[in-house]
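Open the structure in your viewer and keep the selection tool ready. We will go stop by stop.

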Amino acid sequence: MIEANNPNLTSWLEVPSNHDFPIQNIPFGIFSTSELSARTGVAIGGYVIDLSALYKTGLLSDLPFEEVDFTSNTLNSIINRGKSATTSLRNRLSELLNSETPDLRDSDSFRSKCVIDMSSVTMHMPIHVGDYTDCYSSEDHARNVGKMFRDPENALLPNWKHMPVAYHGRASSIVVSGTPIRRPNGQLKPSETEPPIYGPSRLLDFELEMAFITHPGKPLGNPISTSEADDYIFGMVLFNDWSARDIQKWEYVPLGPFLGKNFASSISPWIVTLDALEPYRVSGPNQTPQVLPYLEYEGAAHYDIDLEVEISTPEGESKVVCNSNFKHMYWNMRQQLAHHTVNGCNIRGGDMIASGTISGPEEGSFGSMLEISWKGTKPLSMPDGTERRFINDGDTVTMRGSQTSDSKVRIGFGEVSGKLLPAL
Ligand code: CA
């Protein structure tokens, strides 16, 4: 185990027990304050470390970075330095924040420049997303959708267990947590026999997902294998793939998702590195039939990350509507990346690849309102007495996630939250 993941480490900064961001996590983000323009930082407990200020102290100057990497208002330049560079950066930050290390701990001047109270920061999109791909890798989700819309006896399409199917999505409408989401207008076809109409989506949904962010890949034409994939994955965020079911249903044949998906997706602001998750790998489901050799992966490639979704009404009454886990995925991230590049498709630093809706096997663990309300046939009662089949105007959807299987260390993702505004 690398020292930065040692569960016994403590920091000279006070971190409440069971906090999402202990010294073993050190997630990366972009923040600003009333005095400071948007810049790179890492989170520890209730604090943000200003990496541009830290760079100026000289304590990072032997690492393979330049000042411009830390003053940038996206993390792309840090991520573009590659995996060994970002690993060395996280390791150095772990050392500097360690309760045994005096450099920052004992310097009032360094601390006052580098350590910022999290309550005073505004978080921004952590990366400029170049390309975005959405997979469809949860078997329980794919089965539920297949049962609802196709044949309950043959819920999975013939290709599903042979490849992690995916589509290329829209990068420009990925927004950071806290950004309000506008209900989209579009073509709907509420009646089988009548022509389509134009208007606000009536079936607005969330999708509980996680997404990974890539380092620069290989040149065009060169695949990344499952065993190489870790070197190209920087970290992960929570991902809400907002979906307009009625627009989606009418438009998706034959070319797949388009306007029912590309109006917005929301992400959590702190990117948790793959390095921080390394001790918490678990085995995934048995893959039967045997996958093709390019999709084989030796070893544990899943992560035990508890996930929840909460809906809050406009009046602020909340209900957790889903408890799921990232380990329910059928296809893992190494397989998704190997499949994505097997034809030579090149990935770039800051690309985002989302998991697809993460549903578990039983009711209560379904990752979308489509499944929770079973296409609207089983409405959910809210604490204020109202019902939800899908998301109402004024509702706020919040997703949280954390690795909690280790009783000593919690590696959390914070949250991704978004309020739905009425259609224009
Ligand atoms: Ca999706």
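The tour visits the domains, then a metal site, then a sheet. Bear in mind that this is a predicted model.

**Stop 1: the domains.** Select residues 28-124, which the domain assignment gives as domain 1. Then select 132-421, given as domain 2. Their C-alpha centres lie 30 Å apart. The contact takes 18 residues from domain 1 and 18 residues from domain 2. About 1500 Å² is buried between the two domains, and carbon and sulfur atoms give 64% of that area.

**Stop 2: the calcium ion.** Select the ion, then Asp-134, Glu-207, Glu-209 and Asp-241. These are its protein donors, 2.2 to 2.3 Å away. Along the chain, the donors follow the spacing D-x72-E-x1-E-x31-D. Glu-207 sits in the loop between β12 (204-205) and β13 (208-214). Asp-241 is in the loop between β14 (233-240) and β15 (243-244). The pair is 34 residues apart and links distant parts of the chain. Are these two buried or exposed? Glu-207 counts as buried because its relative accessibility is 5%, under the 20% cut-off. Asp-241 is buried too, at 1%.

**Stop 3: an open sheet.** Select the 5 strands in the order β9-β26-β25-β20-β21; their pairing is mixed. β9 (181-182) and β21 (318-325) stand at the edges. Each has a single partner strand, so one side of each lacks a neighbour in the sheet. Finish on β20 (306-312) and β25 (396-403), which pair in the antiparallel sense over 7 bridges. Zoom in on Asp-306: opposite stands Ser-402 in β25.

Definitions and conventions
Residues numbered from 1 in each chain as written. Predicted model: local features only at pLDDT ≥ 70, side-chain atom pairs only at ≥ 80, totals over all residues. Heavy atoms only, no water. Donors = N, O, S within 2.8 Å, 3.2 Å for Na, K, Ca; no water. Helix = DSSP H or I, 4+ residues; strand = E, 2+ residues; numbered from the N terminus. Buried < 20%, exposed > 50% of the residue type's maximum accessible area, 1.4 Å probe, protein only. Pairing = 2+ DSSP bridges. Domains from an automatic or database assignment. Contact = heavy atoms within 4.5 Å. Buried area = accessible area lost by both parts, 1.4 Å probe.
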